[in-house]
Amino acid sequence: MAKINAAKIRDKFVKRISALETLHRKLISGLSGHETAETAEAMFLAAATAWEAFLNDLFVAYINHDSSKMSQTLLNGIEAELDGRLKRAFVRYGGLTLPKQIDRKTILQLNSQNKNISFSNFNQMRELARSRLVKSKADLITQIQAPDKARIDAWIKIRNYLAHRSAASLAELNALLKEERMYHTGMCLRNNSIRSVGSYLQARQTWPLRRAETRLEIAFNGMRVIAGRFCP
(Lines give C-alpha, C1' and ligand atoms only; values in the text may rest on other atoms or scores of the structure.)
Protein backbone atom coordinates (compact mmCIF):
# COMPACT_ATOMS: atom_id res chain seq x y z
CA MET A 1 0.00 0.00 0.00
CA ALA A 2 1.44 3.37 -1.02
CA LYS A 3 1.67 5.97 1.73
CA ILE A 4 -0.54 9.03 1.39
CA ASN A 5 1.65 11.99 0.47
CA ALA A 6 1.08 14.70 3.10
CA ALA A 7 3.19 17.26 1.22
CA LYS A 8 0.95 16.95 -1.85
CA ILE A 9 -2.10 17.54 0.36
CA ARG A 10 -0.48 20.69 1.75
CA ASP A 11 0.57 21.97 -1.67
CA LYS A 12 -2.90 21.39 -3.12
CA PHE A 13 -4.46 23.33 -0.27
CA VAL A 14 -2.01 26.23 -0.55
CA LYS A 15 -2.67 26.43 -4.29
CA ARG A 16 -6.42 26.49 -3.65
CA ILE A 17 -6.15 29.35 -1.14
CA SER A 18 -3.94 31.37 -3.48
CA ALA A 19 -6.44 30.81 -6.31
CA LEU A 20 -9.28 32.07 -4.10
CA GLU A 21 -7.23 35.13 -3.14
CA THR A 22 -6.55 35.93 -6.79
CA LEU A 23 -10.19 35.43 -7.71
CA HIS A 24 -11.30 37.71 -4.90
CA ARG A 25 -9.05 40.52 -6.13
CA LYS A 26 -10.46 40.20 -9.65
CA LEU A 27 -14.06 40.12 -8.50
CA ILE A 28 -13.98 43.13 -6.18
CA SER A 29 -12.30 45.33 -8.77
CA GLY A 30 -15.67 45.69 -10.52
CA LEU A 31 -17.92 45.73 -7.44
CA SER A 32 -18.96 48.18 -4.76
CA GLY A 33 -20.99 48.41 -1.57
CA HIS A 34 -22.81 45.33 -0.34
CA GLU A 35 -21.60 43.33 -3.34
CA THR A 36 -18.01 43.46 -2.11
CA ALA A 37 -19.12 42.38 1.36
CA GLU A 38 -21.05 39.42 -0.04
CA THR A 39 -18.06 38.46 -2.18
CA ALA A 40 -15.76 38.55 0.86
CA GLU A 41 -18.13 36.23 2.72
CA ALA A 42 -18.29 33.81 -0.20
CA MET A 43 -14.50 33.74 -0.57
CA PHE A 44 -13.96 33.19 3.13
CA LEU A 45 -16.51 30.38 3.25
CA ALA A 46 -14.79 28.69 0.30
CA ALA A 47 -11.41 29.03 2.03
CA ALA A 48 -12.78 27.71 5.34
CA THR A 49 -14.26 24.70 3.56
CA ALA A 50 -10.90 24.01 1.92
CA TRP A 51 -9.21 24.39 5.33
CA GLU A 52 -11.53 21.78 6.86
CA ALA A 53 -10.83 19.36 4.01
CA PHE A 54 -7.08 19.96 4.37
CA LEU A 55 -7.13 19.15 8.09
CA ASN A 56 -9.12 15.97 7.53
CA ASP A 57 -6.79 14.82 4.76
CA LEU A 58 -3.66 15.70 6.75
CA PHE A 59 -4.77 13.75 9.82
CA VAL A 60 -5.66 10.80 7.58
CA ALA A 61 -2.21 10.97 5.95
CA TYR A 62 -0.39 11.09 9.28
CA ILE A 63 -2.38 8.13 10.65
CA ASN A 64 -1.82 6.28 7.38
CA HIS A 65 1.94 6.66 7.88
CA ASP A 66 1.87 5.26 11.41
CA SER A 67 -1.30 4.03 13.13
CA SER A 68 0.35 2.97 16.40
CA LYS A 69 -1.02 5.87 18.48
CA MET A 70 -4.53 5.43 17.12
CA SER A 71 -4.31 1.69 17.85
CA GLN A 72 -3.34 2.38 21.48
CA THR A 73 -6.16 4.92 21.90
CA LEU A 74 -8.74 2.44 20.58
CA LEU A 75 -7.36 -0.27 22.86
CA ASN A 76 -7.61 2.05 25.86
CA GLY A 77 -11.20 2.86 24.93
CA ILE A 78 -12.16 -0.80 24.72
CA GLU A 79 -10.55 -1.56 28.08
CA ALA A 80 -12.40 1.36 29.67
CA GLU A 81 -15.72 -0.16 28.60
CA LEU A 82 -14.93 -3.51 30.25
CA ASP A 83 -14.76 -4.41 33.91
CA GLY A 84 -13.98 -7.32 36.20
CA ARG A 85 -13.24 -10.69 34.62
CA LEU A 86 -13.94 -9.46 31.09
CA LYS A 87 -11.30 -6.75 31.40
CA ARG A 88 -8.73 -9.14 32.90
CA ALA A 89 -9.39 -11.68 30.13
CA PHE A 90 -9.13 -9.03 27.42
CA VAL A 91 -5.87 -7.65 28.80
CA ARG A 92 -4.40 -11.14 29.10
CA TYR A 93 -5.67 -12.84 25.94
CA GLY A 94 -7.15 -10.15 23.75
CA GLY A 95 -5.57 -6.94 22.60
CA LEU A 96 -5.84 -4.79 19.53
CA THR A 97 -3.12 -4.29 16.98
CA LEU A 98 -3.70 -2.40 13.77
CA PRO A 99 -1.31 -2.66 10.86
CA LYS A 100 1.19 0.17 11.05
CA GLN A 101 -0.17 1.46 7.74
CA ILE A 102 -3.94 1.53 7.21
CA ASP A 103 -5.95 3.00 4.36
CA ARG A 104 -8.13 6.12 4.31
CA LYS A 105 -11.44 4.25 4.40
CA THR A 106 -10.46 2.26 7.48
CA ILE A 107 -9.15 5.36 9.27
CA LEU A 108 -12.44 7.22 8.79
CA GLN A 109 -14.47 4.15 9.80
CA LEU A 110 -12.49 3.82 13.02
CA ASN A 111 -12.59 7.54 13.70
CA SER A 112 -16.31 8.27 13.58
CA GLN A 113 -18.48 6.04 11.41
CA ASN A 114 -17.12 7.27 8.08
CA LYS A 115 -17.42 10.96 9.01
CA ASN A 116 -14.57 13.32 8.21
CA ILE A 117 -12.21 14.28 11.00
CA SER A 118 -13.39 17.70 12.16
CA PHE A 119 -12.99 20.09 15.10
CA SER A 120 -15.14 22.70 16.84
CA ASN A 121 -12.08 24.57 18.18
CA PHE A 122 -8.30 24.33 18.44
CA ASN A 123 -8.40 22.60 21.82
CA GLN A 124 -10.38 19.76 20.28
CA MET A 125 -7.90 19.59 17.42
CA ARG A 126 -5.02 19.41 19.89
CA GLU A 127 -6.62 16.58 21.87
CA LEU A 128 -7.40 14.59 18.75
CA ALA A 129 -3.83 15.05 17.51
CA ARG A 130 -2.52 13.73 20.81
CA SER A 131 -4.85 10.72 20.77
CA ARG A 132 -4.52 9.78 17.07
CA LEU A 133 -1.07 10.85 15.88
CA VAL A 134 2.41 9.72 16.85
CA LYS A 135 4.23 12.35 18.88
CA SER A 136 6.41 13.72 16.08
CA LYS A 137 3.31 14.55 14.01
CA ALA A 138 1.11 15.60 16.93
CA ASP A 139 3.76 18.11 18.01
CA LEU A 140 3.59 19.84 14.62
CA ILE A 141 -0.06 20.64 15.32
CA THR A 142 -0.09 21.20 19.08
CA GLN A 143 3.00 23.40 19.34
CA ILE A 144 2.04 26.30 17.07
CA GLN A 145 2.07 29.80 18.56
CA ALA A 146 -0.84 31.20 20.59
CA PRO A 147 -1.94 33.77 17.95
CA ASP A 148 -2.23 30.98 15.37
CA LYS A 149 -4.36 28.91 17.75
CA ALA A 150 -6.62 31.91 18.27
CA ARG A 151 -6.87 32.54 14.51
CA ILE A 152 -8.02 28.95 13.98
CA ASP A 153 -10.78 29.44 16.54
CA ALA A 154 -11.82 32.68 14.86
CA TRP A 155 -12.00 31.03 11.43
CA ILE A 156 -14.17 28.24 12.81
CA LYS A 157 -16.61 30.71 14.41
CA ILE A 158 -16.79 32.86 11.25
CA ARG A 159 -17.39 29.76 9.14
CA ASN A 160 -20.12 28.57 11.49
CA TYR A 161 -21.92 31.89 11.32
CA LEU A 162 -21.72 32.10 7.53
CA ALA A 163 -23.03 28.54 7.24
CA HIS A 164 -25.94 28.96 9.69
CA ARG A 165 -26.68 32.70 9.94
CA SER A 166 -28.12 32.30 13.43
CA ALA A 167 -28.25 34.95 16.15
CA ALA A 168 -26.53 32.52 18.52
CA SER A 169 -23.59 31.88 16.20
CA LEU A 170 -23.16 35.63 15.63
CA ALA A 171 -23.19 36.29 19.37
CA GLU A 172 -20.56 33.58 19.90
CA LEU A 173 -18.41 35.09 17.14
CA ASN A 174 -18.60 38.62 18.59
CA ALA A 175 -17.76 37.35 22.08
CA LEU A 176 -14.73 35.40 20.83
CA LEU A 177 -13.29 38.29 18.80
CA LYS A 178 -13.30 40.54 21.88
CA GLU A 179 -11.26 38.11 23.97
CA GLU A 180 -7.73 39.20 24.92
CA ARG A 181 -6.15 36.23 23.09
CA MET A 182 -7.41 37.73 19.82
CA TYR A 183 -5.48 41.00 20.20
CA HIS A 184 -2.46 39.91 18.15
CA THR A 185 -4.28 37.94 15.46
CA GLY A 186 -5.39 40.74 13.17
CA MET A 187 -8.97 39.47 13.65
CA CYS A 188 -10.04 41.10 16.93
CA LEU A 189 -12.77 43.58 17.79
CA ARG A 190 -12.56 46.32 20.41
CA ASN A 191 -16.01 47.54 21.41
CA ASN A 192 -18.24 47.35 18.37
CA SER A 193 -19.94 44.14 17.33
CA ILE A 194 -20.17 42.66 13.85
CA ARG A 195 -23.33 43.32 11.90
CA SER A 196 -22.00 42.34 8.48
CA VAL A 197 -19.32 39.65 8.43
CA GLY A 198 -18.42 40.66 4.88
CA SER A 199 -17.71 44.24 5.97
CA TYR A 200 -15.73 42.94 8.95
CA LEU A 201 -13.59 40.75 6.64
CA GLN A 202 -12.88 43.65 4.29
CA ALA A 203 -11.83 45.95 7.14
CA ARG A 204 -8.44 46.20 8.83
CA GLN A 205 -7.76 45.77 12.52
CA THR A 206 -6.81 49.15 14.00
CA TRP A 207 -6.51 48.20 17.68
CA PRO A 208 -4.41 47.31 19.62
CA LEU A 209 -2.13 47.02 16.59
CA ARG A 210 -2.83 48.61 13.23
CA ARG A 211 -2.70 46.09 10.38
CA ALA A 212 -1.97 46.83 6.73
CA GLU A 213 -3.91 43.79 5.47
CA THR A 214 -7.63 43.24 5.57
CA ARG A 215 -8.92 40.49 7.82
CA LEU A 216 -9.71 38.39 4.77
CA GLU A 217 -6.13 38.77 3.54
CA ILE A 218 -4.87 37.81 7.01
CA ALA A 219 -7.07 34.70 6.89
CA PHE A 220 -5.82 33.68 3.44
CA ASN A 221 -2.19 34.13 4.42
CA GLY A 222 -2.65 32.61 7.86
CA MET A 223 -4.14 29.43 6.43
CA ARG A 224 -1.18 29.03 4.09
CA VAL A 225 1.37 29.68 6.83
CA ILE A 226 -0.23 27.36 9.40
CA ALA A 227 -0.61 24.63 6.77
CA GLY A 228 3.15 24.86 6.28
CA ARG A 229 3.74 24.54 10.01
CA PHE A 230 1.41 21.54 10.30
CA CYS A 231 3.22 19.90 7.39
CA PRO A 232 6.74 21.37 7.03
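I looked up the second largest pocket of this predicted model and sorted its lining by class: 6 residues are nonpolar, 5 polar and 3 charged. Here Ala, Val, Leu, Ile, Met, Phe, Trp, Tyr, Cys and Pro count as nonpolar, Asp, Glu, Lys and Arg as charged, and the others, Gly among them, as polar. A pocket is an open set of points on a 1 Å grid over the protein atoms alone, where a 1.4 Å probe fits and protein lies on both sides within 12 Å along at least five of seven lines; lining residues have an atom within 4 Å of a point.

I noted a volume of about 250 Å³ for the second largest pocket, volume being the space filled by probe spheres set on the points, which are joined across faces, edges and corners. Among its 14 lining residues, Cys188, Leu189, Arg190, Asn192 and Arg215 lie nearest the centre.

I then turned to the largest pocket, which holds about 290 Å³ of space. Its lining has 16 residues, and Glu52, Ser118, Phe119, Ile156 and Arg159 are the closest to its centre. Helix 2 (34-65) and helix 8 (146-164) each supply at least two lining residues, and helix 2 gives the most, with 6. Helices are DSSP runs (H or I, at least four residues), numbered from the N terminus.

I recorded that this lining comprises 9 nonpolar, 5 polar and 2 charged residues.

I recorded two points on method. Residues are numbered from 1 along each chain as its sequence is written, and side-chain values use heavy atoms, leaving out hydrogens and water. Local features need pLDDT of at least 70 and side-chain atom pairs count only at pLDDT 80 or more, while totals for chains, interfaces and linings use all residues.
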